[in-house]
Amino acid sequence: MQSPTPSTPFKRRSLFKGTALGALGAAGLPFAAACSDIESNNGSTQATEGFDFLPTHEDWPLPVQPDLVGEPPNHPSAFTSYPEPVQAITDLPSGTGSYELTVPCWGTPPAQDDPYFAAVSEAWGGTKVTLRQGDGMTYGDTAVQWVKADEYGDGIQLFNYMTGSFSNFQETVVNSFYDLTEIVQGDIAERWPLLAALPTDSWGQAVWSKDPDDPDTAGIYAIPMTYSGGQGNGILARTDLLEAEGLAMPTTVEELLEVSRAWTTDSRWAFVGLDWFIGQWFGLGGIDGWNWDPEQKKMVNNIERPEFTELMEFRRTLWDEGLMHPDAPTGTLDAAAMQEAGQVMFTQDNLVRWDDFNQKVKRGEAEGAVAPLPPLAAKGRTPIVTVSPGIAGWTFLNKSLSKEQVEEILDVANWCAAPYGTTERQLLEYGVEGTHFDFGADGNPVFSTPGVEIVKNPVNYKAFAQVDTFLTGDPDMVADRFEYNASIQQYIVEPPFQGIRIEAPAAAKAAGTTLWDQQQDIAFGRAELSSIPEMVETYLDNGGEEARQYYTDAYKAVYGEE
Amino acid sequence: MATLQSTAPPEAAPRPPVVRRKRTVRQRLRHDWPLLLLALPVVAHLMVFHYWPSAWNIIAFMDYSPYRPFWENPFVGVAWFGRLFNDPYFTPALLNTLKFAALNLLCMFPLSIVLALAMNSIISIKVRSAFQSVVYLPHFFSWVLVVTVFVQVLGADGLVSNWLLDAGGERLNFTSNPDSFLLLVWMQWAWKDAGWGMIIFLAALASINPSLYEAAASDGANRWRRMWHITLPGIRPVIILLLILQIGGILSVGFEQYQLQRQAVGYQATEVLDTYVYYQSIVGNQGESFGTAAGLFKGVIGLILILVANNIAHRFGEQGIYQKS
């Protein structure tokens with residue numbers, strides 16, 4: 001390498017010194033300026049009811065009545081036979097605009113040139129809404145960047161749980177998305193009768209305030225998704241294998257433990273994962289773990305209660321006794337496939353898989369049967385089933401759209417809100433007859449392979465709100481699910497913060513992330529049960545107490561001083 | 001017969017000093033434009049993807065929100081750094097990072113050199129090509145694949161565990177054991193990256209004059225002597241250069257490898273600075289300023305380390321990352 005000559009005018013060493021001095025100088029600038037405390041990300045509380053600017057609710061009479069009548073939203077009504085669909089919207093608007101809507105997609109994104117999209121577009125009046133599919137597994141995190149960079153097209157669908165990825169969702173909403181208040185407030189039944197028929201609570205849950213402390217700055221910033229309730233997740237058991245082994249479906253936590261011990265061998269296990277769902281088996285519910293304790297008159301976190309130790313002891317027993325698959329801590333096992341193969345008895349899952357599994361069996365693609373465990377409790381306590389009725393999420397529109405464009409998209413949303421028993425819903429839900437589905441011998445629609453890939457599985461226009469939802473599909477499955485829902489009603493516990501949306505302070509969220517990691521350490525034998533008090537103390541000292549105060553204030557704001 | 005003649009040049013008159021005519025900027029542009037054009041994409045890349053983002057480090061001193069005009073974001077001094085250093089999970093993450101960096105420096109760096117020397121000693125071209133492919137191709141595997149392969153082979157329900165069970169033994173507890181995570185990480189590095197690290201040393205080895213080996217061999221130097229006195233001194237500048245660069249990046253030990261194994265091994269064994277920033281700043285929602293403060297901390301420490309290491313190299317007479325002027 002050639003040496004620089006002494007006369008080299010450019011000395012890199014000098015450059016480093018200069019750079020370092022420059023950096024120090026730049027760093028010093030802020031100190032010279034007046035400094036203040038960190039005030040952002042301190043959480044926000046938003047009432048979601050009691051507004052006078054919401055759309056005036058006007059019932060939209062259902063064209064067909066369900067076969068089984070439940071108690072919505074936690075116990076939805078059901079159709080055990082497919083009704084003759086009627087057209088919900090006869091006066092179609094004519095749309096000419098083209099829009100891009102960002103939606104999550106789990107699995108392979110459907111081809112956009114499929115006849116489904118053309119048929120739907122034509123049916124709702126010509127407006128073209130192209131779906132921009134994002135990977136559902138990482139959607140929440142990447143959506144943060146899309147929204148901040150304004151690279152989500154004309155609208156974006158976000159499910160409730162995804163909002164946790166935003167450091168300050170309230171600030172994001174009021175700064176990034178279209179304020180729909182002027183367009184949808186009051187009587188909208190003439191142009192959008194189906195949107196007017198959505199529950200008022202749905203629209204209330206689409207409200208944010210520019211200034212969380214000033215209710216007068218509140219507005220409607222999204223089109224709400226469907227309002228629903230009941231138990232969405234559960235523990236599915238292979239009932240055929242239980243029966244073959246002469247084991248009974250467990251009805252208590254203790255019985256579950258015994259069944260698990262009887263089932264597990266060197267090559268098959270009771271579980272591959274059991275964590276987020278089972279707090280309720282030990283009476284642990286609440287929002288972010290917080291509940292109001294009327295005896296102590298204070299907000300108490302689940303981890304401070306003795307039942308939490310019971311929960312951790314139970315989880316640790318599963319691990320220590322080898323009832324959990326030894327690679328379960330990796331979190332990479334395909335629990336559904338393993339259950340299907342008979343390697344695993346119980347899976348923690350969405351109850352949609354109950355239907356999926358049994359459909360597979362009917363198609364001859366799998367053998368056996370699954371069913372959810374009933375509500376369980378330990379030590380003779382009464383079981384609880386925690387539910388959270390509300391909307392699943394929102395469709396946010398870009399604030400750069402014009403009023404006319406927003407109205408055109410609302411036309412589409414209104415069309416998509418048509419419920420079961422309408423031709424609109426049939427097209428949305430099942431696609432084009434002969435291409436995506438055909439009617440089976442029992443008169444119910446049966447998906448073809450393209451129907452499953454293009455229409456059934458991906459999130460698409462179905463995610464817009466429906467006026468009402470029902471249990472539908474395979475009659476046997478519908479009847480089983482309806483019966484199950486009926487059986488758990490007596491145990492249902494509503495969340496403590498109805499009518500209010502709370503975004504916890506960032507410090508509490510960060511502490512909660514580590515708290516979960518610490519629980520996993522104990523459950524998988526990497527830390528001792530005796531470390532629970534230390535874990536609780538660390539959490540409370542690093543954001544937990546701040547969260548307690550925050551939730552206490554929110555609770556008192558709703559229920560008053562008790 | 002030729003006679004010896006003086007080869008001294010005839011005395012010449014002293015040449016007048018060359019007086020370079022000072023060229024104007026326009027003349028220099030006209031003369032150098034092809035070179036400037038070649039450099040333009042690189043300069044543009046550096047400006048857009050390095051210098052401009054670096055300027056945004058200033059938000060580490062602000063209570064920043066992307067929804068406010070930039071200058072309306074209040075300055076908070078070193079408050080974010082205070083929060084960072086007071087966080088009980090920061091120091092363990094820093095210590096873990098240093099632990100993995102030290103392991104990498106001590107065990108991986110020499111391994112690449114040893115592999116390069118071994119490769120260099122293979123004479124058969126076929127064997128050499130096969131060896132090279134086998135050791136460096138894993139570099140192109142993603143960390144997802146590497147971790148999956150390790151779980152499938154060494155996991156509690158993996159290949160080896162099932163052999164052991166069949167033989168009446170017990171399952172391996174290796175891929176989800178925090179106590180052996182350091183060894184696991186080293187094994188993954190060795191498989192994935194040692195071969196890749198070897199390539200640059202191979203290039204340095206190729207630049208050594210073969211006649212030096214021939215001369216040493218004819219003087220009776222054995223293989224080890226030749227390596228000690230010719231090979232290693234020959235590639236020493238490259239070793240030092242890479243060592244300094246590695247020391248500069250000591251706090252950047254990677255992200256995916258640790259994040260992917262976090263569930264299996266637990267956060268205490270796997271938390272490094274990069275995963276800490278992700279979990280606290282993005283998952284934990286502490287915002288852009290907090291993440292930037294953590295990133296700036298890493299950058300400043302890296303700059304200091306690289307300058308110190310370079311200085312030490314100069315003191316020992318080495319060239320370092322630039323020639324001492």
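1. The largest nonpolar core of this predicted model has 67 residues. Such a core is a set of buried Ala, Val, Leu, Ile, Met, Phe, Trp, Tyr and Cys residues joined through C-beta atoms within 7 Å. Buried means that 20 or more other C-beta atoms lie within 10 Å of the residue's own; exposed means 12 or fewer, and partly exposed falls in between, with C-beta atoms placed from the backbone. Tyr221(A), Ala413(A), Cys416(A), Ala417(A) and Phe464(A) have the most contacts inside the core. Helix 13 of chain A (residues 403-416) supplies the largest share, 7 residues. Apart from this core lies another, of 52 residues, which includes Phe271(A), Phe308(A), Ala504(A) and Ala507(A).

2. Conventions. Residues are numbered from 1 along each chain as its sequence is written, and chains are lettered from A and ligands numbered from 1 in the order in which they are written. As this is a predicted model, local features need pLDDT of at least 70 and side-chain atom pairs count only at pLDDT 80 or more, while totals for chains, interfaces and linings use all residues.

3. Around Ala417(A). Leaving out residues up to four places away in sequence, Ala417(A) touches Leu194(A), Leu195(A), Leu198(A), Phe464(A), Ala465(A), Gln466(A) and Val467(A). A contact here is a pair of residues whose C-beta atoms, placed from the backbone, lie within 7 Å.

4. Domains of chain A. The assignment gives domain 1 as 45-66 + 86-230 + 390-469 and domain 2 as 233-386; such bounds come from an automatic or database domain assignment. The C-alpha centres of domain 1 and domain 2 of chain A are 33 Å apart.

5. Sheet in chain A. An open, mixed sheet is formed by 5 strands in the order 3-2-4-16-7. Helices (H or I, at least four residues) and strands (E, at least two) are DSSP runs numbered from the N terminus, and two strands pair if DSSP finds at least two bridges between them. Strand 3 (128-135) and strand 7 (223-224) of chain A are the edges, each pairing on one side only. Strand 7 runs antiparallel to strand 16 (residues 393-397) of chain A, joined to it by 2 bridges. Pro224(A) stands opposite Trp394(A) in strand 16.

6. Backbone points in chain A. Pro72(A) and Pro73(A) are joined by a cis peptide bond, with omega about 5°; Pro73(A) lies in the loop between strand 1 (44-47) and strand 2 (98-105). Two residues other than glycine have positive phi: Asp150(A), near 55°, and Lys297(A), about 50°. Asp150(A) lies in the loop between helix 3 (139-148) and strand 4 (155-159), and Lys297(A) in the loop between strand 10 (290-293) and strand 11 (298-301). Asp150(A) is exposed because 11 other C-beta atoms lie within 10 Å; Lys297(A) is exposed because the count is 10.

7. Trp80(B). This residue is found in helix 2 (residues 79-86) of chain B. Trp80(B) is buried, because 27 other C-beta atoms lie within 10 Å. Beyond four places in sequence, Trp80(B) touches Ala60(B), Ser289(B), Phe290(B) and Ala293(B). The C-alpha atoms of Trp80(B) and Phe61(B), 19 residues apart along the chain, are separated by 7.0 Å.

8. Confidence. The predictor gives the complex an ipTM of 0.76 and a pTM of 0.82. Chain B averages a pLDDT (the predictor's confidence in each residue, from 0 to 100) of 87, and 93% of its residues score at least 70.

Technical notes. Two residues are in contact if their C-beta atoms, placed from the backbone, lie within 7 Å.
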